[in-house]
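Here are my notes for you, as numbered points. Keep the picture open while you read, and take the points in order.

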Amino acid sequence: MLRIYETDCAALAPYWDEALALLPPERRQRVQLCRDRAAGLGIAAGGLLLRAVLGVRTDGRLLKGPCGKPHIPGGPEFNLSHGGTLAVLAVSDRAVGVDCEEARRGASEALLRRVLTPEEWEEDSPAAIPFSRLWTRKEAVMKACGLGLGLAPASYCVLDDLVQAEGQTWRLHTLELRGHFVSCAAEAAEAPELLHLPPEALLAP
C-alpha cells in the first residue's frame, strides 16, 4: 500500500481560524509564529492532513526518530512535505519519504555542484531535468532513510527510478501537480495512489 494525499494550501486561506482551532497546540504555535502567511498555510495544511488521514489530534501522538523523522507507534509509515501552495502526505506499510517543491525553483551553480552527482550535473539544464525535480527526488530519499541532510545529497544519483542509499534500495516516483514536482521514495514496489483532499475534508469534525 502506497498513497499520497495532497491538498491546496491556498484553498485553506478563507478557513484560517477554523484550521488553527483544529491543530494540536505545538503545530498551532508554529503556524502563529510564522511571519510568512504562505509558509504558515503550508504548516497548517500538513497538520490537517495528519489529522484527517492518520487521526493525529494531539502533540503526543507523534514521536521523532534520532534525526527527527516523525512516526506513530504502531501506526503506518508516513512522511509529510509542503512547498509552494501544495502539501502532501505519503502513507505506506513500508518506509517512505516524500517531498514537493514548486517546479520553477532554481538553484545557483554553487548549490548545484554541492548537491548533485557529476551525472546529474551534466543532465541538469533547462532543456533536460529541472533542478526542482532532481531535488525532490533526493529529498524523498533522505527522508525515507530517516537521515535528512545527514545523508549527503551528492552521495547518490536519482536519475534512475531505483536508488541505492544507506544499504537499501528505494523506488522513486515523481509527478507534476499544479506547478509542483512531487517525489516519493519507497520500499514498496507499487506506484502511489494519488488522493486529493479539499478543505471540506480537512476541516471535518
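1. Let's begin with an open sheet of four strands, ordered 4-5-1-10, whose pairing is mixed. Strand 4 (77–83) and strand 10 (193–196) are its edge strands, each pairing on one side only. From one strand to the next, the twist averages 20 degrees. Two strands count as paired if DSSP finds at least two bridges between them. Helices (H or I, at least four residues) and strands (E, at least two) are DSSP runs, numbered from the N terminus.

2. A word on where this comes from: it is a predicted model, where local features need pLDDT of at least 70 and side-chain atom pairs count only at pLDDT 80 or more, while totals for chains, interfaces and linings use all residues. Residues are numbered from 1 along each chain as its sequence is written, and side-chain values use heavy atoms, leaving out hydrogens and water.

3. Back to the sheet: how many bridges pair strand 4 with strand 5 (residues 86–92)? Seven, in the antiparallel sense. As an example to find on screen, Asn-79 has Ala-90 in strand 5 as its bridge partner. In general, strands of a sheet pair through backbone hydrogen bonds, either parallel or antiparallel.

4. Now look at helix 3 (residues 37–54). Helix 3 lies across strand 1 (2–8), strand 4 and strand 5, and runs at about 30 degrees to strand 5. Contact here means heavy atoms within 4.5 Å. Axes are lines fitted to C-alpha atoms, for helices over the stretch in contact, and angles run from 0 to 180 degrees between N-to-C directions.

5. Helix 3 also has a helical partner: its axis and that of helix 2 (residues 25–33) come within 8 Å and cross at roughly 165 degrees. That makes helix 2 roughly antiparallel to helix 3 (the label for angles over 145 degrees). Who touches whom? Arg-27, Arg-30 and Val-31 in helix 2 meet Gly-40, Ile-43, Ala-44, Gly-46, Gly-47 and Leu-50 in helix 3.

6. There is another open sheet of four strands, with the order 6-9-8-7 and antiparallel pairing. Its edge strands, pairing on one side only, are strand 6 and strand 7. Neighbouring strands here are turned by 25 degrees against each other on average, direction ignored.

7. Is strand 6 (residues 96–102) mostly buried or exposed? Six of its seven residues are buried (under 20% relative accessible area, with a 1.4 Å probe and protein chains only), so strand 6 is largely enclosed by the rest of the structure. Seven bridges join strand 6 to strand 9 (residues 180–186), the two running antiparallel, and Val-98 has Cys-184 as its bridge partner in strand 9. Helix 6 (residues 131–145) lies across strand 6, strand 7, strand 8 and strand 9.

8. Last, check the loops. Glu-166 sits in the loop between strand 7 and strand 8, and its phi is near 55 degrees, a positive value in a residue other than glycine. Most residues other than glycine have a negative phi. At 52% relative accessibility, Glu-166 counts as exposed (over 50%). Gly-167 lies in the loop between strand 7 (162–165) and strand 8 (168–177), and is exposed at 81% relative accessibility.

Key: Angles under 35 degrees count as roughly parallel, over 145 as roughly antiparallel, 65 to 115 as roughly perpendicular and the rest as oblique.
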